[in-house]
Amino acid sequence: MKIDLTASSHLPTRFGAFRLQVFTDVDGTEHLALFAGTPSDNCLVRLHSECATGDILGSLRCDCRDQLEMALEKIHEAGQGLFIYLRGHEGRGIGLANKIKAYALQDQGQDTVEANVTLGFAPDQRDYGAAVEILKHYGLKQVQLLTNNRRKIDALEAAGIRVSKHVPLWAATNPHNEGYIDTKQRKLGHLT
Ligand SMILES: [Zn+2]
């Protein structure tokens, strides 16, 4: 996979000051890389899957925004690290409209995995090829991954990037996302 660095600037945020770079995929998808310090081996890394409902609208159906905020806080606090915002990852790779259709099925009693399968998708369709290319761009061969997701660790290791440590991001649950988080742990290999 080829990915191009297409833009860079400084980005002051409520979590601190970062540098922002945009990487454009072969299909035109624009991923964001936000970093503090100079990323180097063993720094903190977050591979954050895009979630418009959680990240932008503050939805309580998932824990995405909490994880986004915790990751940026930890990277800023460490003074070094890389946050990659992966576009095209809505609903574990099924797209925004399909994710909302899956929510409607969950309103009728299905869990997050059953809903994706009912719609004709695999429970998790995310591809981490772009993330791997971005990590390689920064020369990272070994990282401390901010995640609760075993699959992200496996995807990086399969691509030859060692995860020396995983740093969990636990948010307080709420009545709307308890079932979702429980399903991720029982059915999707999320760490508990
Ligand atoms: Zn979400």
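Tyrosine 138 is buried, with a relative accessible area of 14%; buried means under 20%, exposed over 50% and partly exposed in between (1.4 Å probe, protein chains only). This is a predicted model, in which local features need pLDDT of at least 70, side-chain atom pairs count only at pLDDT 80 or more, and totals for chains, interfaces and linings use all residues. Residues are numbered from 1 along each chain as its sequence is written, and side-chain values use heavy atoms, without hydrogens and water.

**Aromatic cluster**
- Phe23, Phe35 and Tyr138 are linked into a cluster by ring pairs (Phe, Tyr or Trp rings, the six-membered one for Trp, with centres within 6.5 Å; planes under 30 degrees apart are stacked, over 60 edge-to-face, the rest tilted).
- Two aromatic pairs are counted by this rule.
- Phenylalanine 23 and tyrosine 138 pair edge-to-face, at 5.9 Å centre to centre and 75° between the planes.
- Phenylalanine 23 is buried at 1% relative accessibility.
- Phenylalanine 35 and tyrosine 138 also pair edge-to-face, at 5.3 Å and 65°.
- Phenylalanine 35 is buried, with a relative accessible area of 10%.

**Zinc site**
- Cys51 (SG), Cys62 (SG) and Cys64 (SG) coordinate the zinc ion at 2.1 to 2.2 Å (donors are N, O and S atoms within 2.8 Å of the metal, 3.2 Å for Na, K and Ca; water is not among the atoms, so sites may look incomplete).
- The donor residues follow the spacing C-x10-C-x1-C.
- Cysteine 62 and cysteine 64 are both buried.

**Charge over a ring**
- Arginine 61 lies over the face of tyrosine 103, 4.3 Å from the ring centre (NZ of Lys or CZ of Arg within 6 Å of the centre and within 35 degrees of the ring normal).
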